[in-house]
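Me: I have a structure open and would like to go through it residue by residue. Could you help me read it?

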Amino acid sequence: MKTFNILLIASAALLSAGAQAATGEEIMTKSGCMACHKVDVKLVGPALKDIGKKYKGQDVLAKLLAKVRAGGPGVWGPIPMSPNPPEKISDADLKTAVQWVLSL
Ligand code: HEC
């Protein structure tokens, strides 16, 4: 019984560590971003690599976090991004996702 409890605690710890370590790509997949974005090619939205390239070396994290939350058109063309409310993606996940995009 004791061994069983220790195993349970160990696997719970592993599970939560796994959840914390979700990559930007995993977050964007589970949050539905990848319905419109792909890493290498333009879909409905711009290719994530092109976004990374466009803003390379610029201090745009806060601006992009607000843009993804609110959605909207105009930077890449006339097609708007739909809003992405906190029910869809948490602040922490959004930050990880946009930081990942900016690293591409
Ligand atoms: C319904 C389709 C759609 C979904 C879903 C979507 N996007 Fe977008 N995304 C777009 C479009 C279209 C643009 C280009 C908007 C523009 O031209 O200003 C864009 C632009 C962006 C940009 C660049 C913004 C800028 O101002 O340069 C980022 C970063 C981004 N999306 C991240 C995300 C993330 C993260 C998610 C998921 C939470 C997401 N997108 C979900 C369609 C989408």
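Me: To start, where does K95 lie?
Reply: K95 lies in helix 5, where helices (H or I, at least four residues) and strands (E, at least two) are DSSP runs numbered from the N terminus. Before going further, please note that this is a predicted model, in which local features need pLDDT of at least 70 and side-chain atom pairs count only at pLDDT 80 or more, while totals for chains, interfaces and linings use all residues. Residues are numbered from 1 along each chain as its sequence is written, and side-chain values use heavy atoms, with hydrogens and water left out.

Me: OK, and what does K95 touch, leaving out residues up to four places away in sequence?
Reply: K95 touches L61 and L65, contact meaning heavy atoms within 4.5 Å. The C-alpha atoms of K95 and A62 are separated by 8.9 Å, although these residues are 33 residues apart along the chain. K95 counts as partly exposed, at 40% relative accessibility; buried means under 20% relative accessible area, exposed over 50%, and partly exposed in between (1.4 Å probe, protein chains only).

Me: Switching to the metal, which residues coordinate the iron atom of the ligand?
Reply: H37, through NE2, and M81, through SD, coordinate the iron atom at 2.0 to 2.2 Å. Donors here are N, O and S atoms within 2.8 Å of the metal (3.2 Å for Na, K and Ca), and water is not among the atoms, so sites may look incomplete.

Me: What geometry does the iron site have?
Reply: The site is octahedral, with angles of 86 to 179° among its six donor atoms. Six donors count as octahedral if opposite donors are over 155 degrees apart and all others between 65 and 115. H37 sits in the loop between helix 2 (24–30) and helix 3 (48–54), and M81 in the loop between helix 4 (61–70) and helix 5 (91–102), so the pair ties together parts that are 44 residues apart in sequence.

Me: Is H37 buried or exposed?
Reply: H37 is buried, with a relative accessible area of 11%, whereas M81 is partly exposed at 24%. A polar atom of the H37 side chain lies 3.0 Å from the backbone oxygen of P46. Leaving aside neighbours within four places in sequence, the contacts of H37 include L43, I51 and M81.

Me: Which residues come nearest to the ligand?
Reply: Of the 26 residues around the ligand, C33, C36, H37, Y55 and M81 come nearest, a residue being near if one of its heavy atoms lies within 4 Å. An N or O atom in the side chain of K67 is 2.6 Å from an oxygen atom of the ligand, and a polar backbone atom of G74 is 3.3 Å from a ligand oxygen.

Me: Two cysteines are in that list, so how many disulfides does the count come to?
Reply: The count comes to zero disulfides, a disulfide being a pair of cysteine sulfur atoms within 2.5 Å. C33 counts as buried at 14% relative accessibility, while C36 is partly exposed at 29%.

Me: Last one, which side chain does K88 join in a polar contact?
Reply: The side chain of K88 is joined to that of N84 by a polar contact of 2.8 Å. A polar contact is a pair of N or O atoms within 3.5 Å; within protein, one must be able to donate a hydrogen and the other to accept it, and residues adjacent in sequence count only if both atoms are side-chain atoms. K88 is placed in the loop between helix 4 and helix 5.

Key
Four donors count as tetrahedral if all angles lie between 85 and 135 degrees; four count as square planar and six as octahedral if opposite donors are over 155 degrees apart and all others between 65 and 115; anything else is irregular.
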